[in-house]
Amino acid sequence: MRSTLNNSRHPSTFLLLGIPGMEDCYNWIAILFCLMYIMALIGNFSVLFLIVFVSNLHEPMYIFLSMLSVTDLILPSCALPKTLGIFWFNSKSISFHGCLTQMFFIHFTYCLESAILLAMAYDRYVAICDPLRYAVKFTNIVIRNIAVLGLVRSFCLVVPFIYLLHRLSYCQNINVPHTYCEHMGIAKLACSDVTVNIIYGLTAAISSVGLDAALVFSSYVLILRTVLNMNSLQARQKAFSTCTAHACVITFFYVPSFFSFFAHRFGKHIPHNVHIFVANIYIILPSMLNPVIYSVSTKKIRQSVLRLFY
């Protein structure tokens, strides 16, 4: 009989089990996720369209927002189609290399989005705390370099995951209790020692997303201090309004992901199906809400939308 393992080390396929224990709710969960995904696609394509074709939105803040919209299109698209296939068509099989590819793009895009949020936080910090130097600090070359740096950092941090998973020998168990492939979920199926995977995964998360979150928080502490010291009530309200949207986006991005990250490693008493559900939420929820938040709270985007219809 042909072995399920390829070259006696790697399985030819994995089976993504979905959300074990919630099978009776699959149709309702799939409808919810599908609606959220459609809203994310429509919202982010709309924001991109506005920023590209409306000339007064060709400013650093909106260029960063367009980058955020691109990542918000890619991230759920890496996971949601397969997730919906599991829920609606019981399409659980995924090839070993297909699983690694999905894992790479999910982690890469998530890390890149975190870098973009950090750049947007720095943009708001300079705009409020050092406005006279804003035009000097955010030239087109600087924005391009920030984008390239974010891409390079994300690539360099995530590529080792591929090697670390390839070097492992896997057991006969090919069942992944998740809706998509992620690093530790695959590593836990191995018969080999995964200590290096655990250490590198923690190091990569702390040095990228963890550091980004700390710097974003620090920038908003400085922004808040500057705003509270403003003498003009109108200037204070304007500063608060420009930061409110970004603060909401940051909250929806980091809080569910940190919950999922720590629950996955330390939350032994948290039901596994809750962890998997939250892991899906942090993939799709920010992508759906970001264009809504920015459209509602950003005056220039609201005006641009109104001009299209009136």
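Predicted model: local features only at pLDDT ≥ 70, side-chain atom pairs only at ≥ 80, totals over all residues.
Helix 7 has a kink of about 35°, centred on isoleucine 206. Even with the kink, the helix's length works out: at 1.5 Å a residue, the 34 residues of helix 7 (residues 195–228) should span 50 Å, and the end C-alpha atoms sit 47 Å apart, which agrees.

Among the buried ones are Asn197, Gly201, Ala204, Ser208, Val209, Asp212, Val216 and Tyr220. In an α-helix there are 3.6 residues a turn, so residues three or four places apart point the same way.

Serine 114 counts as buried because its relative accessible area is 0%, and the cut-off for buried is under 20%.

Now for the charged pairs. Side chains of opposite charge can pair when their charged atoms come close. The whole structure holds 3 salt bridges. One of them joins aspartate 212 to arginine 153, with the closest N and O atoms 2.8 Å apart. This pair links distant parts of the chain, since aspartate 212 is in helix 7 and arginine 153 is in helix 5 (residues 140–166), 59 residues away. Aspartate 212 is buried, at 2% relative accessible area, whereas arginine 153 is partly exposed, at 22%.

Another bridge pairs arginine 124 with aspartate 123 (2.6 Å, N to O), and both residues are buried. Lysine 137, partly exposed at 23%, bridges to aspartate 130 at 3.5 Å.

Terms used:
Residues numbered from 1 in each chain as written. Heavy atoms only, no water. Helix = DSSP H or I, 4+ residues; strand = E, 2+ residues; numbered from the N terminus. Expected span 1.5 Å × (residues − 1). Bend = angle between axes of the 7 residues up to and from the residue. Buried < 20%, exposed > 50% of the residue type's maximum accessible area, 1.4 Å probe, protein only. Salt bridge = Lys/Arg side-chain N within 4 Å of Asp/Glu carboxyl O.
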